[in-house]
Amino acid sequence: MASIREWAKKLPGRRSREGRGRFYRYSLILALCMASIPTAVIALSSYALGTAHVERQVMNSHRTLVERSSARLDDLFTQLELSASQWSLDPRLGADLKRANLTLEYDRTNELYSFLGLMKATYPRLEEARLLLNRSEPLLLSEWGGVQRIPFGEESKRFQNLVEDKRDMYWTEDFHWTASDAGSVVLVRKLPGYGPSYGALLLSLNRMKLETFVREAAFDEKGSSYLYAENGQPIIRVSEGMPEDQRFEQTLRQQLDDRIDAGASGSDSYLFKWQGQTYSASYSTLERSGTVWTYATVSPLEALTRPVVLLSRSLLSVSLAGMGLALVLAWFASRRLHRPIRQLAEALGEADGFAGHVSPETASSGKRRSAMADADGLFSNRVSSDVLPYDELRSIENSWKGLADAKREAERRLEQTYPELRAGFLLQWMQGHYRSLREGGLLSRLERFGWRLEQGERLAVFLLRVGVLSPPESQFREEDELLMTFAAANVAREFIDGCCERAEIVNFHDGSVAVLVPIAETDIGEKAAMKKTSHDMADTLRAVLRLRTVLCTGEAAGIMDVPELLQALRSALRGIPATESCRVLHLDELLPGTVGGTAYPFALEKELLQEIRLGRTDEAARLVREFVVRLSERTSSESELHEGTLQLLGSLLHVALENGVRLEAAGLYERLLELRRPEAVVDFLRSRVLEPYGQELEKRQGIEADRLAEKVRDELEHDYTADFSLERCAERFGVSPYTLSRSFKQTYNQTFVDYVMNLRLERARELLRTTDLKVNEIAEAVGYRPSYFIRLFRKQEGMTPGQYRTEKSG
Amino acid sequence: MSKKRTGIRALLAAVATLSLLTAACGSGNSASGVPEDGSPLPVSIMSMYFTPEPPGPDNVVVQEFEKRTNTDLNITWVSPNSYGDKVNVTLASGDMPDLMLVDDAFSAQLRTMVQQGAFWDLTSYIDDYPNLKKFPEASWINTKQADGQNYGIPRVRPVDGGSFLFLRKDWLDNLNMDVPQSTDELYETLRAFTEDDPDGNGQNDTIGFTGLVTQSNMGSYSGIVSAFTQSNGDWKDVDGKLVNVNLLPEMRDALEWLSNAYADGLISEDLAVLKESQTKDQLNAGRAGASQNTVEASWEPTEAQRKSNPDADFLPLVSLNGYVNKDGGFFGMFLIPKSVPENKMKKLLELMDYGASEEGGTLASYGLEGVHYTEENGIKTVTEQAKTDIVASQALGQIFIQYDKYLRAYRSGMPQDVFERNKKIVDEREKISLPDKAIGLYSETNVSAGPELAKDIQDIKTKIVLGKLPLSAWDEFVEKLKTHTDLQKITEELNEAYAKRQSAS
């Protein structure tokens, strides 16, 4: 496996591996193995089985053939032996030849000549038939050479030895007619056929013709045939296409001798291996009179096994080629198969910024890290986790788990903060912070927090205030206001849950708690029930908490009226003397004139100040007018009006200061006191306070926005390929995304996102015009994924980048 | 195996059919047997070859010959070992080629067929072909058939330079002796060769003459015998009548000479059992001083001896007792069957005439100059390519022969001076040589009883030479022979034929 990985590293296209991980590699290897290994197995097994089978078959057939060939050879020699025996009995070779004078008895000599000639003619493979007469100077007769006298000495001795042999007939394999002659194979038949011998018939075989015969008897043109005498000397050696090495034959003969010595006479076949080549060797023994000859053939198996080897090789090469082809195909296929996985991995990587960015980084830096591991022990822990190769599926799984965890966490947090949010919202609402919202919007928001109000439903509001009683009775002290309120709220909740389904408790944390109960508009009985409920609640609180409990009930026509009602309730409660430990008031039972006890419209002022805070001066001006009108209506005296307007001015200046705008306050109060008419007061406040404030605010905000936009723009132009999401950028500059976006809008009259896009596209157009970079490379250079880039470009330019380039450069 | 065999059979059948068809077409083409459109004349020939392998149909020289003569030669080459049988079979079948070589120009079968008119009588045509006309007179005369007409073109051979004695000239020089001119001088020479240590090696290891007698004739000793009888062959013209030489007293002299030489050890001791190879061995080894063979063949032992003895020199004798033999001038002849149309027959003669020209003869025997031979000082040296292409006088040169009377003077490898000397010897012999009078004469009795008779006569002669019988035995034998009925009959028949031929020419 390691070697395959090594090998895989050398492959072209390896460089683009970043996008593909272990899963890709393993599936590729698997596809390769599935395609190629069966063929290779077939090739190897056919080689192993095929050659073995061929060798066995060849050995079998060779055994048969060598028997047949040796039978032919045996026939040849046996016939000659038989004929020699017959000829030896011929009267022409009678015992009287012993003393015949061949020169004078020329008729007889001529007869012998023709007899010897006849022998030669009978056996074409005879080189010569000779008649040896053993005398002190031996005579040798032949048809061709006439009568030859062998002079006394070494020569005559050799011939005399032939006759003096004990055997009547025998073969001599290496007889030299003259000292210089090459050795001949000679059949010696002593004469006469019976009685004391006077000489011998010498039948020498023509070696060339014998070789031809052996060659004909051989069954394989390529092979060698040998005929060995008993002493191991080769009688006949027909060697064609065999190694011209003496050792080859020596080794062969050695093995032959070993086998024959081991008693395996007759005939046999075996495999003979020499220098990496395999030969089929067969032998057969020929029992000649007085000696044993061995006939052996050797033929290379290569010729026979070659088709099998060829087939195996071609299969092997086919499998190799298949492996190559499979490599290419698997590469393509894997790419195709792998694409969805890669896209998924990338999508996930983008989604949580983990898999896509971190994994390749760690994968590529893994090696570097492991190299550093010895030097830097700090990394050792990380290395152990990082050395795992990048696996797409695993990373997808990790991403998925991460996402799921994040989701659960978010849900948990949301769940935790939900009641607080809800309480906060209700609190803000009741205090009139949402005055700017319409009724419908407010209703839907309430609904979102799980509190549904039907259209036309009225709201009954109980405002209860708790306070410390005289010490022996109360468990709380004055400082425990929060705790008291909390306890009161809890008790109220318990109580109200018992009788009303949709009641809400709002804790003001200042010792007062509001209870909201939706009631049907027309239901009169309900009102009575409400009253009873309020009394019971107050009593319960008083009894359970032993706190001073005052409670005021009121009814709001709609939710928009609730803040005002709350104010009214509060002022009603303030009217209750501190000595009463438990008191329940009903607002509609009080006289209108005494409501709140003051003419100052706090609710309006709150609304107005909110507008000021947001810098909406126009709205503020309207509210100022309303305020002044309301104030003038409620107040009876001029001094009261002045008091109210001065109060308002102070509040306005206070809020302006809070917002960082310092207005010139000198003389403002004095000027205001001089004004009598409400219109004049409105104009004065608008012109001297609201407008300067508005201008100053606008100026300051404009400068800041410009500065921020410029800074961001510099950054963008410097590195526009980085990830510039609005949030990230805002985070980097320490402002809210809203501020950033607005400042961009103000400064450049386009949104941040549009600005980044235009900047990148401008740069891309330039690159398309001026360089030969590929579209993909340009897309990456400007920080887009190619596919998105092309789509975006076409949408913006009405043509593809390629078309753009040809148009501009063409 | 059986499949293969059927395949071969089918092939053979197809070839046979095809050849029949083409043969039918060929004969149908023209009645004259000569293509009128100028396409090559198809000629079938049967001849023999002495090269190891016969030339094939694609042989370069055969093709060149065809081109020059505008013929299409279809030559059946037959080994000389079986040529006689092949001729007999072909003659008997009657399906004869256009030109057929017969090695025995006077076989009984041929005589019969000539009488039956199976062959063209060429006598009147030959005058028209100048190159054929250049053949020696003897060649034409000796091939005349019983009716005195020429039915064949002789396979011409030189008439002079034939088998006769040769001896060691260097030994003569060593012994200060002259070249012997008579049988007596020869006897003295051989005695010296045997006893006087002619090679000067101090050892008694030489004999005068080596040679064998066969069972039917005197073999290597025929030259010596003829020198006594002054007659070539067994028959001598005595006053216009042929007489058997064995009946003449000169034969007794010859036998006496030979038996003396044998007794003195001047000639081969085992001459009756000797083999040709043994005589050659003796000559080549420098053990014998003389033998008998053709003029150019004497170069063979000279060449062998010169390897160890540069002075060695075998000299062919011009004559002995003023006698030297003249050969028949032919070795068989080419016949044209009567089935060949006259026009074609003339074309065939034209072809043979071209073959007898210098250009044709050289091409047939030596091939192409520069490729198969180079020529210097009139001596042609054959190249290795000639052997490869089978270009030799022993092959196509057996059919197309330019007559060269010095053919027996030259053998390849022979130095110029020896060649020149041999030419002179041939010229000298031409002046005095005697032909065999009985060539081509037919005697029925000779055919039936002749061989046995010759064997009996030779047996007595051999025994006398070997000393097994006294010379007086020969006298008794001759007396008997004179009244031998077969011999008388043969004599009569031959004389009759002889007279007939004499009167015809």
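Two strands are taken as paired if DSSP finds at least two bridges between them. In the predicted model, strand S13 (residues 504-507) of chain A and strand S14 (residues 512-519) of chain A meet this criterion, with 4 bridges in the antiparallel sense. Within this pair, Ile505(A) has Val515(A) of S14(A) as its bridge partner. The two strands form a hairpin in which 4 residues lie between S13(A) and S14(A). His509(A), in the turn, has a positive phi of about 55 degrees. In a regular strand, side chains alternate between the two faces of the sheet. Both faces of S13(A) are covered. Glu504(A) and Val506(A) are buried on one side, and Ile505(A) and Asn507(A) are buried on the other.

Chain A as a whole contains 25 helices and 16 strands. Of its 810 residues, 28% are buried. Where contacts in chain A join residues at least 6 apart in sequence, 62% of them link residues at least 24 apart.

A further sheet of chain A is open and consists of 5 strands in the order S8-S7-S11-S10-S9, with antiparallel pairing. Strand S8 (234-239) and strand S9 (267-274) of chain A are the edge strands, each pairing on one side only. From one strand to the next, the twist averages 15 degrees. Ser224(A) has Ser239(A) in S8(A) as its bridge partner.

Elsewhere in chain A, helix H20 (residues 726-733) and helix H21 (residues 737-748) have axes that come within 8 Å and cross at roughly 100 degrees. H20(A) is therefore roughly perpendicular to H21(A), since angles of 65 to 115 degrees are counted in that class. On the H20(A) side, the contact is made by Leu726(A), Glu727(A), Cys729(A), Ala730(A) and Phe733(A). H21(A) contributes Pro737(A), Leu740(A) and Ser741(A). By class, the residues of this contact comprise 6 nonpolar, 1 polar and 1 charged.

The contact between the chains takes 10 residues from chain A and 12 residues from chain B. On the side of chain A that touches chain B, helix H3 (106-122) and strand S3 (146-149) of chain A each supply at least two residues. H3(A) gives the most to this side, with 3 residues. The side of chain A that touches chain B has 5 nonpolar and 5 polar residues and no charged residues.

In chain B, the buried residues of helix H11 (residues 276-284) are Thr279(B), Gln282(B) and Leu283(B). These residues lie on the same side of H11(B), because the arc they cover around the axis is only 100 degrees. Strand S9 (288-293) and helix H12 (299-306) of chain B are among the elements that cover the buried residues of H11(B). Gly286(B), which follows H11(B), has a positive phi near 75 degrees.

Notes: Residues are numbered from 1 along each chain as its sequence is written. Chains are lettered from A and ligands numbered from 1 in the order in which they are written. This is a predicted model: local features need pLDDT of at least 70, side-chain atom pairs count only at pLDDT 80 or more; totals for chains, interfaces and linings use all residues. Axes are lines fitted to C-alpha atoms, for helices over the stretch in contact, and angles run from 0 to 180 degrees between N-to-C directions. Angles under 35 degrees count as roughly parallel, over 145 as roughly antiparallel, 65 to 115 as roughly perpendicular and the rest as oblique. Two residues are in contact if their C-beta atoms, placed from the backbone, lie within 7 Å. Ala, Val, Leu, Ile, Met, Phe, Trp, Tyr, Cys and Pro count as nonpolar, Asp, Glu, Lys and Arg as charged, and the others, Gly among them, as polar. A residue is buried if 20 or more other C-beta atoms lie within 10 Å of its own, exposed if 12 or fewer, and partly exposed in between; C-beta atoms are placed from the backbone. The arc is that of the directions from the helix axis to the C-beta atoms.
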